[in-house]
Amino acid sequence: MTLPTASLPTLNLAAPAPSAATPFGDELRRQMHGRALLRASFEETWQALRRRYEPAALEPWATGVLELAKVNAGPGCLLAFWRASVTLGRRLPPDALGAAGLGAAGLAAANVCRAAGAPAALAVIEAFERIAERLDAEAQRRWWTMMTATAQGAPDEIALFAGHMPTLLARGSLAEVEAFATAGRRAAGRDRARRRAFFALEDPLSRRLLARMGAGPGFAELEVGLRRLLAALWGDRPGFPPSLQPLPVPEIGDAPRRANIAGPVIRLPEVFSGVTGAASHALYRAASAHAGAHLAYGGPRFTLGKVKPVQMACINLIEDARIETLAMARFPGLRRLWAPFHVTAPSAEPLAALLLARIARALFDPGYQDPDALIAKARALFAERSDRLDDPALSFDIGTRLANDLGQRRIRFDARGHVVEPAYRDDGLGLWDFGEENAERTEEVELAVDAARIERREEENAPQPPEAAPQPEPTGRARPAPADERGRIVARYPEWDAQAGLERADWTTLREVEPALGDPRTLARALERAGPLRARIARLVRAAKVGRAVRLKRQVEGHALDLDAAIEAAVSRRVGETPDERVFTASALRQRDLAVLVLLDTSESTRERLPDGASVLDIEKLAVAMLAEAMAGLGDEMALAAFASAGRDDVRYIHVKRFTERYSEDGAARLAGLQSGLSTRLGAALRHAGEEIAGVRAFRKLILVLTDGEPSDIDVDRPSDLVADARRVVLGLRARGIDTFGVTLDPGGVGSGAAIFGTTNTMPVRRIDDLPMRLSELYFRLARR
Amino acid sequence: MDASTSPLDRYRIAAEPFYQPVDNEVSVFEAAWQHRLPVMLKGPTGCGKTRFVEHMAWKLGRPLVTVAAHEDMTAADLAGRFLLGPEGTMWQDGPLTLAVRHGGICYLDEIVEARQDTTVVIHPLTDARRVLPLEKRGELIHAHPDFQLVISYNPGYQSAVKDLKESTKQRFIALDFDYPEPVLEAGIVAREAGTDTELAGLLVTIAGCTRRLRGQGLDEGASTRMLIHTGRLVAGGVPLEMAVRAGIILPITDDADVRETLGAAISACLP
């Protein structure tokens with residue numbers, strides 16, 4: 001047995017004899033004994049570990065160290081790794097970090113070293129030593145995977161990242177840190193300076209991501225529910241449900257963000273820092289109910305005039321109490337929602353902020369006791385007017401008087417740093433009309449409103465979060481620029497020359513263009529806004545899904561007699577023939593077997609803006625997204641494609657969703673990424689769409705063309721030629737069993753839709769806003785045929 | 001035919017069904033009855049359409065034949081069919097034929113649910129002809145002078161797939177039903193469920209929340225019928241919150257998110 005002898009100190013100075021059971025351990029010891037600098041430390045580590053683990057169990061660890069040595073990580077790394085092994089081995093139970101885990105860590109550190117060099121590996125090992133206790137075995141594995149990936153994607157910044165690791169993990173979960181690392185690699189792309197700033201936590205984006213860690217669920221997750229809550233409470237009032245928008249989170253160390261009302265819009269923080277789970281839910285509900293009460297019971301905005309910041313704060317406070325009282329008169333349960341946030345207690349400190357919070361509580365909570373005279377006065381003034389709560393002027397009046405009292409008591413009010421308490425209340429700026437008198441406004445007020453202004457600017461100019469930013473190209477996958485621009489040539493198609501009466505072979509060149517990715521969330525938001533419409537389409541889906549029953553006559557079995565068959569059978573029997581036994585009727589659901597290709601015209605004219613700011617293409621996208629949802633719900637085969645052209649040798653065709661893939665976030669991103677431009681050579685695009693759908697196996701095949709104008713192209717003088725060509729393609733497709741249907745955005749009703757698709761197969765849409773519903777309705781109508 | 005032996009006798013309504021008039025619907029219906037004009041009742045589910053017809057049938061002293069339309073309903077289900085007996089086939093009048101022959105109010109509930117070809121059967125009955133052709137029997141029935149046709153129809157379900165034909169719609173006088181004003185509705189709930197007015201008022205406030213969510217996650221808000229059921233649960237000793245959950249929240253939606261929101265909104269209504 002080598003086991004006991006191996007631990008004998010006398011044998012330690014000699015290289016161990018090779019053994020079959022522990023080849024890596026033996027090899028490691030042999031190597032380390034050859035390195036004078038490391039020998040002593042290694043022996044110490046080895047002894048320490050041997051006291052905890054069997055030699056066989058130390059094999060993975062030895063493998064890890066050997067790997068580190070092999071990638072030339074240097075003595076610094078090795079020493080750090082040994083120290084970490086011993087410390088963590090001592091601190092953590094073996095099931096949290098065994099010798100195997102340490103070995104895996106060594107291998108991963110070696111990979112970091114390969115990708116980013118020895119100093120980086122050293123930093124990562126040191127970070128690991130500091131954070132390993134927070135993570136279980138599985139999380140440690142994930143952590144190393146993340147670090148290796150980051151080392152590969154950001155070799156110069158991994159050390160910085162590792163240095164911040166304790167901070168990051170103290171704030172957020174491992175998953176959030178992983179998301180942070182991915183966001184950093186993506187956002188910075190090849191911009192090294194930006195990447196460096198990001199991982200040094202100096203970039204605005206990384207600061208914001210950091211602030212968002214460890215909080216949530218946030219605005220994005222709760223938005224839909226909050227809008228519904230407001231609709232349920234005050235949906236019968238004009239302007240409800242209001243539009244909800246996110247406010248970017250403040251950076252660490254800045255004052256916490258409060259909700260903000262801007263006209264009919266309620267803006268809520270993306271997250272309330274440090275608030276998680278059910279508490280976050282409750283805070284968002286309380287904040288939106290409060291803001292909703294402002295919109296429901298508030299009057300016109302107060303004119304700022306010469307109102308001082310402290311007066312503003314007091315007036316806001318009374319107005320808050322006023323609208324809350326009115327709201328609670330109608331919905332008494334709101335008290336339960338708001339009460340937990342009123343936690344201020346009497347205190348001797350003469351701070352304006354504290355006093356204001358106490359007044360807020362006193363006006364909200366009748367049971368609250370406070371000895372301060374100001375509070376009693378506020379209560380008395382408010383109670384005096386309790387029969388005229390409908391009048392917002394009382395807020396102005398009472399607020400001004402309270403502010404005077406504060407002033408007389410020489411309590412300083414910090415206009416700049418004032419944060420409204422309790423946390424669910426809005427910042428109050430929405431109550432004020434700042435008017436045009438910028439010059440007359442006092443310096444202080446300017447300071448107070450500055451914050452809001454800056455915010456707004458920030459939001460407009462802030463770099464989009466990485467997942468929202470269009471990613472023209474994943475890093476590291478370069479393509480030659482011209483091919484990227486005009487796409488890959490996939491086919492040449494003939495074109496019908498109506499004047500000559502002949503078909504010109506290979507006349508058009510069709511290129512498939514890689515779709516640009518857009519932000520699927522804009523589309524999701526638009527879909528969300530179109531809620532009622534979507535619900536109607538969902539109902540259509542449900543109805544269509546159930547399918548229409550088909551009556552089957554003369555069945556062997558069924559739920560009712562087929563009377564004609566029964567009479568025939570009776571007659572047969574009487575005349576002595578063998579009766580046909582199939583005398584029942586049954587019903588069966590008709591199977592849907594349908595493939596649809598939606599062809600989207602993205603030519604220049606779709607850039608046109610509608611009065612509400614959306615472009616024609618935006619509405620097209622929304623309509624198609626709704627239809628895609630419906631079709632996905634029905635399980636119909638479906639493809640989405642877009643086209644535009646710039647002359648006959650450049651007809652571009654974009655696959656938004658192919659028949660073979662599922663409609664998912666990717667498809668939505670590609671749909672969102674479509675842009676207006678170029679012309680409409682419909683015939684060529686239709687031919688290609690026909691080829692695409694021809695390859696699908698389905699009983700019915702349908703091409704839906706969504707176009708806003710006449711076929712035209714830069715090299716065609718007479719658009720009627722293209723109309724004739726498109727007509728010819730439609731007829732050709734019909735001969736092949738493919739139905740083509742045109743939905744034409746044609747406000748004037750003078751388009752050539754009927755000339756191309758035929759009268760029955762055209763649906764001119766006069767009002768573009770109707771498009772989403774009409775398109776879906778059309779689809780259901782067609783699908784039933 | 002002697003009224004005492006009419007096959008419609010079992011369709012007569014003995015006691016007065018409670019109905020709280022909301023608008024002038026009773027007088028309009030009576031006027032329509034004078035001229036035997038077909039009537040269409042439009043409105044969301046559970047707002048009192050069926051109760052109204054029952055009430056009017058009682059008031060006018062006519063038997064009421066009710067048919068709930070369904071997806072697979074055929075013309076034969078309305079008009080009648082041959083049945084096989086030991087001696088051969090025999091004809092059985094359908095509910096519509098029964099009312100046409102013997103003079104009663106025929107009420108086709110949720111007519112849009114029926115297949116569109118079915119509804120065409122009622123066309124000759126609803127214009128000046130007032131006849132019902134039974135092509136299977138080769139018979140043409142002239143409607144009894146007391147026959148009247150009433151249909152109900154919920155525009156909330158209206159869609160491209162299920163909608164009345166224009167030619168059907170235009171044959172009817174329409175009465176629009178909606179949930180009554182809160183005070184009236186609370187009175188109805190209190191009466192029907194046997195609760196006090198305060199609780200009924202609370203239930204109506206809750207219903208208001210759900211109705212405002214129509215199109216925002218809910219297809220329909222809570223109906224008056226739903227409130228009555230919930231009120232009965234409370235009157236039967238179920239705690240209010242539990243009754244609201246069982247009577248309103250759970251039946252009205254299957255979407256967990258909507259349910260949660262609804263729970264929060266309803267919680268805001270409760271004292």
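Colleague: Which side chain meets that of Arg681(A) in a salt bridge?

Modeller: The side chain of Glu495(A) does, at 2.8 Å from N to O. The pair links distant parts of the chain, 186 residues apart. Arg681(A) sits in the loop between helix 28 and helix 29 of chain A, and Glu495(A) in strand 6 (residues 488-497). Some ground rules come next. This is a predicted model, in which local features need pLDDT of at least 70, side-chain atom pairs count only at pLDDT 80 or more, and totals for chains, interfaces and linings use all residues. Residues are numbered from 1 along each chain as its sequence is written, chains are lettered from A and ligands numbered from 1 in the order in which they are written, and side-chain values use heavy atoms, with hydrogens and water left out.

Colleague: What is a salt bridge here?

Modeller: Side chains of opposite charge can pair when their charged atoms come close. The cut-off is a side-chain nitrogen of Lys or Arg within 4 Å of a carboxyl oxygen of Asp or Glu. The whole structure has 45 salt bridges over all chains. Arg358(A), Asp370(A), Asp372(A) and Arg409(A) are linked in a network of them.

Colleague: Are Arg681(A) and Glu495(A) buried or exposed?

Modeller: Buried means under 20% relative accessible area, exposed over 50%, and partly exposed in between (1.4 Å probe, protein chains only). Arg681(A) counts as buried because its relative accessibility is 2%. Glu495(A) is buried too, at 7%.

Colleague: What about Asp77(B) and Arg81(B)?

Modeller: Their side chains also meet in a salt bridge, at 2.8 Å from N to O. Asp77(B) is partly exposed at 25%. Arg81(B) is partly exposed at 33%.

Colleague: How do I read helix and strand numbers?

Modeller: Helices (H or I, at least four residues) and strands (E, at least two) are DSSP runs, numbered from the N terminus. Take helix 16 (residues 277-297) of chain A, with 21 residues. The expected span is 1.5 Å times one less than the number of residues. That gives 30 Å, and the end C-alpha atoms are 30 Å apart, so the two agree. In this helix, 15 of the 21 residues are buried.

Colleague: Which residue forms a salt bridge with Arg554(A)?

Modeller: Glu568(A) does, with the closest N and O atoms 3.2 Å apart. Glu568(A) is in helix 26 and Arg554(A) in strand 8, 14 residues apart. Glu568(A) is partly exposed at 44%, and Arg554(A) is partly exposed at 33%.

Colleague: What does Tyr11(B) contact beyond its sequence neighbours?

Modeller: Contact means heavy atoms within 4.5 Å. Leaving aside neighbours within four places in sequence, Tyr11(B) touches Pro63(B), Leu64(B), Val65(B) and Leu98(B). Tyr11(B) and Pro63(B) are 52 residues apart along the chain, yet their C-alpha atoms are separated by 4.9 Å. Tyr11(B) lies in the segment before helix 1 (25-34) of chain B. Its relative accessible area is 23%, so Tyr11(B) is partly exposed.

Colleague: How many helices and strands are in chain B?

Modeller: Chain B has eleven helices and nine strands. Buried residues make up 52% of its 271 residues. Among chain B contacts between residues at least 6 apart in sequence, 71% join residues at least 24 apart.
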